[in-house]
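Here is a short briefing on a single chain fold. Look over the sequence and the model first, then read the points by topic.

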Amino acid sequence: MAEPCVVVATMVAKPGQEELVETTLRAAAPAVHAEPGCLLYALHRKAGEPGRFVMIEKWASKEALRAHGQGAALREVGAALGEALAGPPEVSVFEPLPAGDPELGAL
């Protein structure tokens, strides 16, 4: 059985590009939600930092995450945000370590 994986992707908009970054990431969400293996794809902004965005993701397997990384939705996001980000996204992949209540102890 495949193990799910959790991803935290942080993107920082260049000054003046915050709205473009947010709009682009919001627009991509429905296509990503429809990808096989997508269990969670949720956009957040760091409180007090309007240009720092965090996407928290959960994928059914590393294979599903790999397919997402090569998919059309992510290619379109990359093309749209190429000049709008202060640097490349910081992407971290995590393996869940459930603890305590199954509903509360894991994403």
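Thr10 lies in strand β1 (residues 5-12). Helices (H or I, at least four residues) and strands (E, at least two) are DSSP runs, numbered from the N terminus. This is a predicted model, in which local features need pLDDT of at least 70 and side-chain atom pairs count only at pLDDT 80 or more, while totals for chains, interfaces and linings use all residues. Residues are numbered from 1 along each chain as its sequence is written, and side-chain values use heavy atoms, with hydrogens and water left out.

- Thr10 is buried, at a relative accessible area of 18%. Buried means under 20% relative accessible area, exposed over 50%, and partly exposed in between (1.4 Å probe, protein chains only).
- Setting aside residues up to four places away in sequence, Thr10 touches Arg52, Phe53, Val54, Pro89 and Glu90. Contact means heavy atoms within 4.5 Å.
- Thr10 and Leu43 are 33 residues apart in sequence. In space, their C-alpha atoms are 9.9 Å apart.
- Of the 8 residues of β1, 6 are buried, so the strand is largely enclosed by the rest of the structure.

**Strand pairing**

- β1 and β3 run antiparallel and are joined by 8 bridges. Two strands pair if DSSP finds at least two bridges between them.
- Ala9 stands opposite Met55 in β3. Val12 has Arg52 as its bridge partner in β3.
- β1 also runs antiparallel to β4, with 5 bridges between them. Here Val8 has Ser92 of β4 as its bridge partner.
- β2 and β3 are antiparallel too, joined by 7 bridges. Leu43 stands opposite Met55 in β3.
- The hairpin of β2 and β3 has 6 residues between the strands. In this hairpin, Gly48 takes a positive phi near 85°.
- β3 is mostly covered, with 6 of its 8 residues buried.
- In a regular strand the side chains alternate between the two faces of the sheet.

**Helix α2**

- Helix α2 (residues 62-69) has three named buried positions: Ala64, Leu65 and His68.
- Viewed down the axis of α2, its buried residues fall within an arc of 100°, so they line one face of the helix. The arc is that of the directions from the helix axis to the C-beta atoms.
- An α-helix has 3.6 residues a turn, so residues three or four places apart point the same way.
- The buried residues of α2 pack against β1, α1 (18-33), β2 (38-45), β3 (52-59), α3 (72-81) and β4 (90-94).

**Glu22 and Arg45**

- Glu22 lies in helix α1. Glu22 is buried, at a relative accessible area of 18%.
- Neighbours within four places in sequence aside, Glu22 is in contact with Leu43, Arg45 and Phe53.
- Arg45 forms a salt bridge with Glu22, and their closest N and O atoms are 3.0 Å apart. A salt bridge is a side-chain nitrogen of Lys or Arg within 4 Å of a carboxyl oxygen of Asp or Glu.
- Arg45 lies in strand β2 and Glu22 in helix α1, so the pair ties together parts that are 23 residues apart in sequence.
- Arg45 is partly exposed, with a relative accessible area of 42%.

**Other salt bridges**

- The structure holds 6 salt bridges.
- Glu49 and Arg52 meet through their side chains in one of them (2.9 Å, N to O). Glu49 is partly exposed at 29% relative accessibility. Arg52 is partly exposed as well, with a relative accessible area of 29%.
- Glu95 forms a salt bridge with Lys62, with the closest N and O atoms 3.6 Å apart. This pair links distant parts of the chain, 33 residues apart: Glu95 is in the segment after β4, and Lys62 is in helix α2.
- Glu95 is exposed, with a relative accessible area of 60%. Lys62 is partly exposed, with a relative accessible area of 41%.
- Salt bridges that share partners join Glu22, Arg26 and Arg45 into one network.
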